[in-house]
Every structure is written in structure tokens, then in C-alpha cells.
Amino acid sequence: GLDIEVGLTGAVLGNFLHRCFEVLGAKPELIDRLPMIVGVDVNEEVIRTIASSVANFEEWLNKHFPVQSVSRELPLLALNEKCSVISGTSDLVVETANGLWIIDHKSDHVDDPTMAFRKYESQLKYYAQMLVSEGATVLGVGINWIRRGEVVLS
């Protein structure tokens, strides 16, 4: 898991970690520019720890899915059953030969990641419905519990 102290809490910490996973997941070579990109002054040890966590997640991703492509911070837009516009942003949409997986990064401290998954499951299922409404095949959803270094899939 990722146990760091950067002087951030709550949503600010979550946004920081999301951005780190977005940037370093797509372009690990940007590691030295990470503090400037994310707008948080962190020391080299913290940067290396975060980069290691991102690399571990990316390795897990490639071992568990026959990845064809990954979309990061993908904006989603659809109409609900009342014809109201709804939107969201999926942290990761992983394309495989058989369909898509939606994975969200969460920075919460959780004791039981499977139980905690239930709190966010409806959000992820809604993202899946939005993609299905566009003709995609969604194989499942998951959460990368950043602080635990663990992924739960459904």
C-alpha cells in the first residue's frame, strides 16, 4: 500500500493521489516533474514511493487484463431515464479484446476493502450503464484502494 505524509487530507489528498496515478500511469518518465504537474511540493522520497505504487498498480493491471488500451480520467455523459443530462469522470477505462473494465482510484483508509467497495459500487455501475448506452460491452468494475495497494473487482 501507499503510506505517505504530504500534509494533505481528505478530498485534497484524494485529488493529489488521483493526479499522480493519472500522470505516472500514462507517462512514468515525468516523475521528476511530478511536483510541478500536480502543484504540490513533495520531497524525492515521497515521489519515489508514489511512483513505485503507481508502477505496482500498472503491473497488476497488465497481468490481470489483456490490455489493448487505457483511457484515464475519461469524461462520461449520458441521459438518464428522465432525459436529464448526467455526467461523471471514470479514473480508468481499460479496453480488452472482450470489452471494458472500469476502475476507480480511492484513497480512503479502509479496513475491509470488499465491504467498502459497496459504498462506491452504484457510482461505478452507473458509469458502466453510461458506456453500455453508447454500445460498449462492460465486463466489470473495480476499485484500486491506493492506500492498501489492493484492487477489488466486481
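## Overall form

Buried residues (under 20% relative accessible area, 1.4 Å probe, protein chains only) make up 45% of the 154 residues in the chain. The model is predicted: local features need pLDDT of at least 70, side-chain atom pairs count only at pLDDT 80 or more, and totals for chains, interfaces and linings use all residues. Residues are numbered from 1 along each chain as its sequence is written, and side-chain values use heavy atoms, without hydrogens and water.

## Secondary structure

The chain has four helices and five strands, taken as DSSP runs (H or I, at least four residues, for helices; E, at least two, for strands). From the N terminus the order is α-α-α-β-β-β-α-β-β. Along its principal axes the C-alpha trace spans about 50 × 30 × 30 Å.

## Nonpolar cores

A nonpolar core is a set of buried Ala, Val, Leu, Ile, Met, Phe, Trp, Tyr and Cys residues joined through side-chain atoms within 4.5 Å. The largest one has 30 residues, and Ile4, Phe16, Ile50 and Ile103 have the most contacts inside it. At least two residues of this core come from each of α1 (10-26), α2 (34-38), α3 (44-64), β2 (85-96) and β3 (99-106). Of these, α3 gives the largest share, eight residues. A second, separate core of 19 residues includes Ile102, Phe117, Leu124 and Trp145.

Leaving aside residues up to four places away in sequence, Ile4 touches (heavy atoms within 4.5 Å) Phe16, Leu17, Val46, Thr49, Ile50 and Arg147.

## An exposed residue

Leu79 lies in strand β1 (residues 67-79). Leu79 counts as exposed (over 50% relative accessible area) because its relative accessibility is 56%.
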